[in-house]
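Below are my notes on the two interfaces I looked at. Please read them alongside the coordinates.

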Amino acid sequence: MIRFENVTLTYPDAREPALRGVSLHIPEGELALVVGRTGSGKSSLLRAVNGLAPTFTGGTLQGRVTVDGRDTRTHPPRELADVVGVVLQDPRNGFVTEVVEDEIAYGMESLGLSTEVMRRRVEEALDLLGLNDVRQRPLRTLSGGQQQRAAIASVLAQHPRVLVLDEPTSALDPAAAEEVLAALQRLVHDLGLTVLMAEHRLERVVQFADRIVHVHGDGQVTDGLPVQVMADAPVAPPVVELGRWARWEPLPLTVREARRFAGPLRATLSALPPRPERSVIPPPAAPATVAEVKGARVQYGSHVALSGVDLRLHAGEIVAVMGRNGAGKSTLLRSLVGLTEPSAGQVRVGGQNPVELNGRDLTSTVGMVPQDPGDLLWNESVRQECIESVDADEARRLFEELAPGVDPAMHPRDLSEGQRLALALAVVLSAGAPLLLLDEPTRGLDYPTKHRLVGLLRRRAAAGGTIVVATHDVELAADVATRTVVIAEGDIVTDGPTRDVVTASPQFAPQVAKVLAPVQMLTVADVLAALPEAL
Amino acid sequence: MMRAPRATRALHPVAWWLWALALAAAASRTLNPLLLSAIIAVAALVVAARRSQAPWAASFRAFLVLGVAVLGVRLVFEALFGAPIPGTTLFTLPEVTLPEWMAGARLGGAVTVEALLAALYSGLQLVAILACVGAANALANPTRLLKSVPGALYEAGVAVVVALTLVPSALAHLQLIREARRLRGQPSRGITSVARTATAVLAGALERSLTLAAAMDSRGFGRLRPLPARERRITATLTLAGLISLLIGGFALLDASTAPLAAVALLTIGAALALIGLHRSNRRAVRSVYRPDPWRWPETVTVASGVIAAAVYTAAAVALPAEMLPVTNPLAWPALPLAPLLATLIAAAPAWVAPPVSSTSGKSTADPVASLAPNDHLPAKAVAA
């Protein structure tokens, strides 16, 4: 269905081609997962399928890409619209109309379908992706998960035979991600759709894949069955890591498969003496309060984002804030840094009201990296960004640590997602505030970058810093957080040690915890720490 | 299953525009301040009764503000530079004696009630016309108006609509950058800050446009049906010839020396040729329309009510020149002619005839709920702006 024949893609001004001599064939009806490090060329591969690269990106493409027998050299993207549907990374930027229903119809209007056909397909698409209740809602008022589903529905209504998705679940909470993936799974099974999808959160998708396409980062691309590729891929979900460590054969890709092997391991682990609570530093008798939120209430119009939240943050804590899209996580972070002022209640950071702080007073008290770290960067080069930080040398050092070997003359926009986050973090951390807030830091991050981030956060906390991470990434929370707060509808519903909170709910449980339940272990590292010698 | 169908429909945007333009045409036929006030009141009434909560619906107020500003400027200019009209002097400004060669012009001097009133009347006419255009803007959904545009012009129309959406998204981005500057401890206001952020905002807007262009292209925007080259050439020739004769006809009409009949003939031929060309090029466009706006009796009544007003005003301007164009010298309270007043009241019909805006869909259009939620990426203030 999709065929790459010796494809080399070179962007203008690039030293190395993004794709080099790629030959690939995805047969009809397969769900192929594209994996690889950030910035390795996954997006380039996806965009080459319908000719968006090089048509819209510039550069040259050698070789041949055909979809359903149509060559992208002779067919511009619009002439492939009836065969290939593409959903790009941030669906918000791709919406053409204002209302869900019109957006779904838009592509069909371009194809010139008759009104009756359009009416029928709009209803079908609304049902298939569960959007009927919001069909008349403006797109910008939808939650992230609904927006993503609307984007998929609008493409599906064109009845393409190939669906190309770039990070479809990275902005979604676990439940919404499952919804989207279940819908995709159904499409592949019922309609024989061919799906090519890039995704960093392998733990969510690897079990659905029929084939894994590995983009190596040097332009090489290989593909194979999931079990083969996962056996030695540098990126792997926790369940695979656990399987590799325990030498389970055949390698389990799902929690269900792993549980069938895990009986003996569970028995060994539960025979061990109970371990102490995970904590970065031993908690002092009365830990110092770094920030306090008392009865904070934030309202946008008629929507209550926070309704009387009480929260006390201590020195040395890493707090994960979890909850649905739109539950109020970002609002909580924003009020801690003074971007949003609560209409009732109060917020104190280091004894001060953050709304009243400005300049150095603010940056030395609390730092925040927003959801899109690029928002924080507006200079022409990495070097200039560091110079404009509070402490230029510290910023340079931190950036080098998080993202080694980046040319300081590069424009921040040309950095990969992970490098951009590293730069934003370095800029914020260099101010040395005792309280650091991160909003969805792992969106689009690969495992190695995530590991470096986790290491840095742990060191900060060990030095007495406090970190609050709002995230959908249960694996990150399990890995790094000492305490987890779950927010729903603007209220704190759970607040406790991470181990207790995440093992109590299947929605927030990391894979290792699911495999080993009822043993309370969250990560492969936990298992390794408990059992230094391999089985 | 079939929950939430389109509960109410909106009046066809073309109907709103025709009604508003007819009302504006009526306003252009009179200087009577009472009639002009009635027209403004009717426009305001219909807008208040039938506008949605959509972002564009707020534009009526902006048009009124613009109108009042124009009126103010008009009065000030009249007082400063207006040709002297004898009559009751209201106050006297210091007069600047102008050189001989500028005879006829005036700067300062006596300001008479008569002169100011005349300026007020003509200024009020501008306000009324602006109010009509503002009403159309507030009532007609621009994206649905786009669906009524002929296929051949569709791409140009999309460019306009997309350009309009770029402004709010750039404003939202500006707000994000302001917040980012605060987070980094940099001044978020002031000249240097504006200069620094301007580039970022522009770059962001460009980037978003490119993403949008890629998304639209990959969804089939701009697909054309292949037509033989001969066919295409004929279409192009027809359209070009039509436009040229329209141009010449227009000039001829304005030029007093040409026979008006020849000008009208040229205009008619040009319009016909251009329409044929447009119709033929429509055949190249593939587009179809999802849920086209139907044209039913409310649309017809709405347009008719506007056309009646325009017709009555035009007739009255000929039959009752004294009432329609009241003189201010000597001072007199303007008369209120009955027929035009009734016609104006008829033009208020859409306030009842047009389908009411459903409170739910209207509300959700500007629903503050999620659009203002911070996880929506656009901060509250920016969206509201």
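1. Domain 1 and domain 3 of chain A bury about 1,700 Å² between them, with carbon and sulfur atoms giving 45% of it; buried area is the accessible area (1.4 Å probe) that two parts lose on being put together, summed over both. In contact (heavy atoms within 4.5 Å) are 21 residues of domain 1 of chain A and 20 residues of domain 3 of chain A.

2. This is a predicted model, in which local features need pLDDT of at least 70 and side-chain atom pairs count only at pLDDT 80 or more, while totals for chains, interfaces and linings use all residues. Residues are numbered from 1 along each chain as written, chains are lettered from A and ligands numbered from 1 in written order, and side-chain values use heavy atoms, without hydrogens and water.

3. The rule finds 1 salt bridge between domain 1 and domain 3 of chain A, a salt bridge being a side-chain nitrogen of Lys or Arg within 4 Å of a carboxyl oxygen of Asp or Glu. A:R201 and A:D473 form a salt bridge through their side chains, at 3.9 Å from N to O.

4. Between chain B and chain A, about 6,500 Å² is buried, 51% of it on carbon and sulfur atoms. B:R182, B:R184 and B:R219 supply 15% of the area that chain B buries against chain A, more than any other three residues. Contacts link 63 residues of chain B with 80 residues of chain A.

5. Salt bridges across the interface of chain B and chain A number 7. B:R184 also has a side-chain salt bridge with A:E385 (2.6 Å, N to O).
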